[in-house]
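Good morning, and thank you for coming. Today I would like to describe how two protein chains meet. Please look at the structure on the screen.

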Protein chains: 2
Amino acid sequence: MVRVRIAELSRYSDVTIPTIKYYLREGLLPPGELTGRNQATYDKRHLERLRLIRALREVGGLSVSATREVLAVLDQPEITAHELMGRAHRAVRRRPVDAPADPAADHDWTRARTDAAEQIRLLGWTVDPDAPALDQLADVILALRRVGRADIIEAIPQYAEAALSVAQWEVRLAAADPDPATVLTTVVTGTVLGEALLATVRLLAHEHVSARLLAPPDQPGAAGRD
Amino acid sequence: MVRVRIAELSRYSDVTIPTIKYYLREGLLPPGELTGRNQATYDKRHLERLRLIRALREVGGLSVSATREVLAVLDQPEITAHELMGRAHRAVRRRPVDAPADPAADHDWTRARTDAAEQIRLLGWTVDPDAPALDQLADVILALRRVGRADIIEAIPQYAEAALSVAQWEVRLAAADPDPATVLTTVVTGTVLGEALLATVRLLAHEHVSARLLAPPDQPGAAGRD
């Protein structure tokens with residue numbers, strides 16, 4: 001791809017010009033090369049970055065600030081793949097939006113955090129005791145308790161088994177990548193898009209299983225249909 | 001729980017008074033019973049609803065409008081569990097934020113949508129051809145293609161197997177609930193919090209697998225540590 005103006009970049013990427021300008025202003029996209037007072041040109045790296053931003057925002061559901069954090073990880077070539085994965089996790093983590101300023105001060109949360117670490121220990125997994133995903137697991141455990149669904153917490157080993165089979169494949173895919181530059185993209189897109197993929201097939205699996213278990217037999221999608 | 005004022009509701013739920021007032025204004029929480037010109041009292045149902053809102057917002061990461069849509073489902077007692085699950089899915093779906101107004105007009109998306117339906121057919125799953133999760137799967141497939149990771153699409157059967165094992169357990173849990181009123185809550189919280197739980201254990205599984213595969217042996221978390 002030769003250098004192109006913003007109108008062509010918009011056409012190739014299927015992202016509108018105002019949105020591209022917004023990403024430039026927000027620093028998600030590096031500036032083009034100035035070729036005149038009000039004109040710049042863009043190259044293949046801009047197009048690839050734009051496609052990645054789109055995937056993270058639209059499919060991964062990341063906010064602009066979370067997208068910026070993920071992209072910042074990509075711009076650190078000195079990082080190991082293991083560290084990179086930790087950074088990608090930190091960027092995509094879900095944390096309480098209206099939570100108390102200091103969740104650790106909350107006794108229930110502290111108990112959930114201890115239980116989260118214990119669940120992972122029982123699984124025999126090697127996880128950094130300060131991993132942000134453990135805080136996230138504590139959030140989920142606490143939320144399940146608060147809505148009276150502590151029974152789902154008992155099923156963590158089943159969720160873990162399903163997640164492990166996917167994660168093994170995903171990490172091997174990242175590790176097998178011979179090009180350090182694309183390992184970065186693999187880990188980031190794998191973390192975000194892999195989550196979206198797993199969440200989506202879970203919804204489809206719900207529909208499939210529920211059609212067999214829950215739908216009355218005379219309704220479309222019921223067990224006896226096919 | 002007897003009827004309480006907003007200050008006590010705040011204390012019991014650990015949600016600040018301004019946030020409770022915001023949820024009341026936004027219609028997420030039904031109004032209390034007026035006991036004076038500027039005073040209302042709240043009961044156990046308000047507290048339960050507030051805990052559910054908190055779980056959906058903070059752990060499920062739902063927006064206020066998505067939360068409202070999910071809660072509206074709960075207020076329809078005439079619905080079957082299978083229909084309810086479909087509604088809950090519609091409410092929690094991720095759809096492109098900056099997408100073209102009519103994604104079906106986009107040739108690449110239409111192709112991805114056809115491929116999504118074909119993938120589910122190959123799995124032998126019974127899914128409504130108009131299921132919103134199929135649109136979401138098309139979004140993911142298109143995004144993976146655009147960032148050059150079509151290889152992940154090949155792994156959909158592996159994601160599907162992992163998701164199915166979790167979904168079977170989740171739907172049976174919902175179906176086993178003897179109380180129609182709590183089936184609703186089970187499906188909604190299961191859909192949202194189960195997704196958060198699966199996503200979180202997947203991050204922890206990444207860390208565990210990556211510690212063994214990717215970390216240099218002299219670093220903490222490396223394979224030989226324990």
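Predicted model: local features only at pLDDT ≥ 70, side-chain atom pairs only at ≥ 80, totals over all residues.

Chain B and chain A bury about 9,100 Å² between them, and 68% of that area lies on carbon and sulfur atoms; buried area is the accessible area, taken with a 1.4 Å probe, that two parts lose on being put together, summed over both. Of the area that chain B buries against chain A, His82(B), Thr126(B) and Tyr159(B) supply 8%, more than any other three residues.

Residues are numbered from 1 along each chain as its sequence is written, chains are lettered from A and ligands numbered from 1 in the order in which they are written, and side-chain values use heavy atoms, with hydrogens and water left out.

How many residues does the contact take from each chain? Chain B gives 93 and chain A gives 94, where contact means heavy atoms within 4.5 Å. Of the interface residues of chain B, 100% are also interface residues in chain A, so the copies meet through the same surface.

Let us turn to charged pairs. The rule finds four salt bridges across the interface of chain B and chain A, each a side-chain nitrogen of Lys or Arg within 4 Å of a carboxyl oxygen of Asp or Glu. Glu170(B) forms a salt bridge with Arg202(A), with the closest N and O atoms 3.1 Å apart.
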